[in-house]
Amino acid sequence: MDRRVIIAAGHGGGDNGAVARGHKEAAECVDIVNRTVTKLRADGRIETVVVPHAFDLREQISWLNARFPQHESGYALEVHKNAGGSTATGVEAWYLTGSTEAGNKAKSVLAELARVSRLQNRGIKKDVDYRGGSLAWVRQTKPWAGLFECGFITHDHFNNDLYAEGLFRGLLKLFDLRDQAAQIYRVIRRSGVQLGAFSVRSNAWTTYLGVMGDAVILNREGIDVTAEFVNEFGDDQRIVGTPREAAGVIAGTDGPGEVIELDG
Ligand SMILES: [Zn+2]
């Protein structure tokens with residue numbers, strides 16, 4: 001497959017899609033697409049083509065098929081938001097029924113979308129199971145295609161940068177590209193003061209222990225990953241020291257190059 005994504009916001013052409021809690025699906029999808037495109041273009045390794053937002057679904061499909069007529073021309077990704085009962089939550093992806101490879105591609109992107117958006121992964125779905133029995137986006141587009149539901153407009157968050165970051169990471173994975181920016185873990189005191197930013201996870205944990213947990217650990221995208229650290233290190237007696245010992249680590253026993261910055 002060519003290293004190209006052809007990305008579209010769902011609905012368009014004047015159709016708002018689902019409307020709930022003061023949000024219109026079509027506008028949210030445009031925002032998620034724009035943010036995803038910014039990340040893809042900043043990275044620069046995947047050619048990124050945006051289907052014009054003004055088009056409706058039929059126009060979107062004919063526009064992209066005219067330009068990218070081969071199956072291997074790239075990955076056609078459409079962004080939607082789901083709607084359901086008040087408690088329905090999570091992300092899911094739709095693919096062409098019968099195509100195991102299309103399913104695997106969707107699954108690979110979806111895993112990152114779920115991880116970064118911190119929403120339940122509802123899995124990949126065959127388009128014959130869609131209400132109406134098929135989805136034009138995955139059935140009529142010529143390149144590989146997937147349709148991604150970025151949370152429920154009726155329930156889930158509207159932190160569109162997280163959906164965009166998830167799609168971006170998922171596309172990197174789809175094209176076997178490594179995330180080039182190193183992950184950073186910032187330990188931030190509940191007062192707001194940053195204690196440090198670390199590339200080594202155990203150093204972030206030790207700093208967190210140094211203030212007896214009166215802090216949160218945020219990753220590069222600003223996502224609170226404290227619970228993930230507690231799961232990883234919480235039972236490890238080799239790391240748990242007294243607060244004083246742990247504070248010594250903040251003061252200067254970190255290995256060279258491990259502390260990226262230290263604000264206080
Ligand atoms: Zn939709």
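Predicted model: local features only at pLDDT ≥ 70, side-chain atom pairs only at ≥ 80, totals over all residues.
Welcome! Leaving aside residues up to four places away in sequence, Leu-113 touches Val-91, Phe-148, Cys-150, Tyr-163, Gly-166, Leu-167 and Gly-170.

Now widen the selection to the largest nonpolar core, which has 50 residues. Leu-113 is among the members with the most contacts inside this core, and so are Ala-93, Val-109, Leu-110, Phe-148 and Leu-171. Which helix gives the most to this core? Helix 5 does, with eight residues. In soluble globular proteins, nonpolar side chains tend to be buried together.

Next, pick out helix 5 itself, residues 160-174. From first C-alpha to last, its 15 residues reach 21 Å, close to the 21 Å expected at 1.5 Å a residue. Then step just past the end of helix 5 to Asp-176, where phi is positive, at about 55°.

Our next stop is Ile-124, which you will find in strand 7, residues 121-126. Is Ile-124 buried or exposed? Ile-124 counts as buried because it has 20 C-beta neighbours inside 10 Å. Show its contacts, again not counting residues up to four places away in sequence, and you will see Ala-93, Tyr-95, Gly-103, Ala-106, Lys-107 and Leu-110. For a distance to check in the viewer, take the C-alpha atoms of Ile-124 and Val-91: they are separated by 9.3 Å, although the two residues are 33 apart along the chain.

Technical notes
Residues numbered from 1 in each chain as written. Helix = DSSP H or I, 4+ residues; strand = E, 2+ residues; numbered from the N terminus. Expected span 1.5 Å × (residues − 1). Core = buried A, V, L, I, M, F, W, Y, C linked by C-beta atoms within 7 Å. Buried ≥ 20, exposed ≤ 12 C-beta atoms within 10 Å, placed from the backbone. Contact = placed C-beta atoms within 7 Å.
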